[in-house]
Amino acid sequence: MTVLIVDDVIDNRITLSLLLEDVSDVAVLEASNGHEALEICKNNLVDVVFMDVMMPVMDGVEATRLISSLPKKPIIIAVSALNDSDKKREMLKAGAQDYLTKPINDKLFIARIKNYKKIIASLFERDLKNEWAVNPFSRKVYAKKILFRITNESSLGELWETFLLGNYDVTDNMSDCIRAVYSAGSLLLKNHLLFDIIVEESDDSFYFTFTRIENYNRDQIYKVITKNFPTGESKFGSMAFSMVLEKSKRLIVSNSKEEKMVSENIATIPKEAVEDIELKQEEAKFLRETVSDKISAQEFLLQLESSYFDKIETLVEKEDELDASMFELETSGHIEFIYRIASSIEDYILVIDSLYEFEKISFSLRMLSGFLQKLTNEDLADKKIDKLTLILKNLFADLTDWRRNIFSFKIAQDIHYLDSSLISSCMQIESIFVATVQVESEDDLELF
Amino acid sequence: MAKKIVIVDDSKTVVATAQMALDDLVEQGVFEFRSFLDPVEFLNEVSTGGLDFDLLISDINMPQMNGLDMVAQVKTNLALKTKPVLVLTTENSAEMKQRGKELGVTGWMVKPFSDEKLVKSIKLVLGI
């Protein structure tokens with residue numbers, strides 16, 4: 001922890017720094033006036049400032065005000081010989097968090113320092129792994145989230161106000177981003193859709209996630225966002241979409257030398273790139289149509305909200321349950337295990353439904369589960385149970401492979417590759433028990 | 001001599017069902033049966049020269065690669081290009097079928113299939 005002692009009287013500085021020697025892990029810097037203090041804070045990462053109030057050149061109030069507006073604002077404690085409540089109020093208003101009167105009580109001072117150490121340490125080690133991140137870009141966001149429940153233009157206005165008129169002046173792109181958020185929101189409202197916007201923050205970005213939107217037009221929204229915020233990145237899901245706003249490099253770097261280097265490296269997106277984005281959109285649309293709307297696992301996962309890990313864990317759990325039940329069924333032949341299997345399938349369906357893209361899989365499994373639940377002991381006679389267990393075993397193996405191909409290995413070129421196979425496998429199972437009159441259908445085999 | 005049948009389908013259900021359907025005939029020595037769950041693995045065996053078949057049955061929608069693309073590659077193999085290919089799929093679109101036709105596919109069978117239908121189709125295509 002770095003502490004800055006600001007006092008024009010050298011004896012006072014010595015007193016404080018002697019006290020600080022008793023506290024471990026503290027580096028001490030000194031300044032004899034507000035101006036020096038400001039320079040030191042600009043060029044170093046200062047955590048705590050003990051600011052004397054009455055000083056020449058630049059007094060404590062002015063220095064506090066200026067230091068408070070720096071990006072990495074330190075904790076400022078006003079120190080004064082005067083027990084002046086007006087001065088106290090002025091210092092606190094200027095940005096000080098605390099006020100000490102001289103002569104300083106040793107024990108009190110040490111206790112305060114230790115407290116500040118704790119606070120600084122907790123800020124430093126801020127746990128940025130938020131399991132419940134709403135945005136699809138990063139799980140490392142602060143615990144604090146701002147929720148805007150959007151029901152009309154006025155709600156959008158509140159968001160505008162918060163970010164453009166409030167204390168969030170973080171980047172040149174902020175206004176572009178908010179304009180994009182506002183435009184996208186207005187578009188959704190025009191289409192009579194109500195939704196939430198959840199704003200999350202990390203050390204280097206803000207994330208704006210629109211959620212709980214039923215049936216929105218992805219292309220329309222994409223166009224509106226890229227028109228207003230061409231340099232921003234956005235991701236789209238079936239009921240949500242999100243965009244990220246990178247914080248200005250100014251905020252991350254506190255050293256002015258580094259600042260200069262970084263600002264030279266920040267590339268501005270050329271106009272052609274913006275047009276490229278629109279062209280690629282058209283191409284992608286065309287390609288998608290040609291290959292009948294195929295979505296690869298990679299594409300799908302990019303669009304998916306980040307909270308899908310838990311869901312996949314549940315799928316794996318259910319697959320294990322199905323394995324166990326299948327084993328019992330094979331060894332005992334008890335119908336009880338068929339019902340248990342049906343129940344695990346129902347749970348599996350719940351997770352599949354929450355992923356929104358797999359209606360056909362859900363449909364097949366629902367069909368299967370319903371069918372299994374209706375089976376009775378009589379149905380299992382004549383070795384039908386053997387055929388059933390064989391097909392079921394392979395069906396669950398296919399389902400597991402499908403889950404792995406998409407969520408683990410991410411190699412599936414079309415996330416819907418199992419859809420039709422699964423339906424026909426389920427129908428195959430039904431055909432074991434239901435004696436259908438086999439009508440010679442010409443559609444079944446076509447010779448070229 | 002037993003006719004060699006090779007089936008390529010990522011679905012374990014389909015492979016198991018087909019195996020079951022052909023079990024009796026395999027035991028009788030009418031057919032020899034091999035299956036591949038991975039089209040890429042199948043193509044590797046073809047290109048390293050080892051693999052031979054009298055009939056190829058192929059799925060289309062597979063996660064690793066499209067079945068028709070796989071068939072196209074098989075057709076570049078001198079030894080195998082004249083061998084009959086039966087497509088076994090849920091796909092029923094005219095475009096797909098046209099592509100299959102152009103590739104030289106012999107027959108197009110739509111899932112789900114019954115054991116009897118499969119055996120019948122195989123016998124028909126092999127002229128047994």
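In the predicted model, strand β11 of chain A (residues 445–447) pairs with β5(B) in the antiparallel sense over 3 bridges; strands count as paired if DSSP finds at least two bridges between them. Within β5(B), Gly107(B) is the bridge partner of Leu447(A). Helices (H or I, at least four residues) and strands (E, at least two) are DSSP runs numbered from the N terminus.

The model is predicted, with local features needing pLDDT of at least 70 and side-chain atom pairs pLDDT 80 or more, while totals for chains, interfaces and linings use all residues. Residues are numbered from 1 along each chain as its sequence is written, chains are lettered from A and ligands numbered from 1 in the order in which they are written, and side-chain values use heavy atoms, without hydrogens and water.

Contact (heavy atoms within 4.5 Å) links 32 residues of chain B with 29 residues of chain A. The two chains bury about 2,700 Å² between them, 55% of it on carbon and sulfur atoms; buried area is the accessible area (1.4 Å probe) lost on putting two parts together, summed over both. In chain B, the most area is lost to chain A by Lys12(B), Thr13(B) and Pro63(B), together 21% of what that side buries.

The interface holds 3 salt bridges, defined by a side-chain nitrogen of Lys or Arg within 4 Å of a carboxyl oxygen of Asp or Glu. One of them joins Asp115(B) to Lys387(A), with the closest N and O atoms 3.7 Å apart. On the side of chain B that touches chain A, α5(B) gives the most, with 6 residues.
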